[in-house]
Amino acid sequence: KQLMLRAGHDKGRIYRVVLQGKPSRAIPDFEKMETAQLVDTLASPNGWTRDMAHRLLLWRGDRTTAARLLATAAATSENALQRLHALCVLDGLNAVAPAHVASAMEDRHPGVRRHAVRIAERFAASKSRHTVIAAIVALAKQEREPQVIMQLAYSLGAFDDASAGYALGALLARHGGQRY
């Protein structure tokens, strides 16, 4: 029997698959959402919904209200995905500050810490780099999560600072036998 990889191509696109007799989940009307609602939507358990809210916050480019709300969500939300998205939207809006990044490096979730380290690279040559260098070096001394350690190794090289070099050497000494 021949495999038909294009079977059904003339039947249209499948947008949703739902169980018969069960109501489908309502799709939020993103166009009508205010900035605060979009920031709240970053906590959704649905990845597509979070990504759409993230995208719309970037497209709108609101660096005043959104930046304030995102900074609060990044620092105080109980939802790690919302903290992560809030930090990344702040970065995308060019509204992330060294204090946001330093605070996120102390987050309890490794994904937030990893992205905070990645975002920290933007401050490598800035006048406010000392706050970020202190936070990244402190994190490098105590981090145990492999993906965060790998990101630390990548990002420490962006900083032209002796303490970053020592931290990179200490990472190698402590974790040099790991696969990556």
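A search of the whole structure, which is a predicted model, finds 5 salt bridges. In general terms, side chains of opposite charge can pair when their charged atoms come close. One of these bridges joins Asp107 to Arg83, with the closest N and O atoms 2.6 Å apart. Asp107 sits in the loop between helix 5 (98-104) and helix 6, while Arg83 belongs to helix 4 (residues 80-92), so this pair ties together parts that are 24 residues apart in sequence. Both partners, Asp107 and Arg83, are buried.

Another bridge brings together the side chains of Glu143 and Arg113, at 2.8 Å from N to O. This pair, too, links distant parts of the chain: Glu143 lies in the loop between helix 7 and helix 8, Arg113 lies in helix 6, and 30 residues separate them. Glu143 is buried, as is Arg113.

The bridge between the side chains of Asp29 and Lys32 has an N to O distance of 3.6 Å. Glu31 is found in the segment before helix 1 (35-41), and with a relative accessibility of 76% it counts as exposed. Between Glu31 and Leu93 there are 62 residues of separation in sequence and 19 Å in space, taken from C-alpha to C-alpha.

Turning to the fold as a whole, the protein contains 9 helices and 0 strands, and its pattern along the sequence reads α-α-α-α-α-α-α-α-α. The radius of gyration is 21 Å, well over the 16 Å that the globule rule gives for 180 residues, so the protein is more spread out than a compact globule. Along the principal axes, the C-alpha atoms fill a box of roughly 60 × 50 × 25 Å. Of the 180 residues, 40% count as buried. The accessible surface comes to about 11,500 Å², and carbon and sulfur atoms account for 54% of that area. Among contacts between residues at least 6 apart in sequence, 59% join residues at least 24 apart.

The largest nonpolar core has 50 residues, of which Leu57, Leu70, Val101, Met105, Ile136, Leu152 and Phe159 touch the most other members. Helix 7 supplies the largest share of this core, with 7 residues. Beyond its neighbours within four places in sequence, Phe159 is in contact with Ala120, Glu121, Phe123, Ala124, Val132, Ile133, Ile136 and Ala164. Ile136, one of these contacts, is also listed with Phe159 among the core residues that touch the most other members.

An α-helix has 3.6 residues a turn, so residues three or four places apart point the same way.

Note on methods:
Residues numbered from 1 in each chain as written. Predicted model: local features only at pLDDT ≥ 70, side-chain atom pairs only at ≥ 80, totals over all residues. Heavy atoms only, no water. Core = buried A, V, L, I, M, F, W, Y, C linked by side-chain atoms within 4.5 Å. Buried < 20%, exposed > 50% of the residue type's maximum accessible area, 1.4 Å probe, protein only. Helix = DSSP H or I, 4+ residues; strand = E, 2+ residues; numbered from the N terminus. Contact = heavy atoms within 4.5 Å. Salt bridge = Lys/Arg side-chain N within 4 Å of Asp/Glu carboxyl O. Rg over C-alpha atoms; globule rule 2.2 N^0.38 Å. Areas by Shrake-Rupley, 256 points an atom, 1.4 Å probe, with all protein chains shown as cover.
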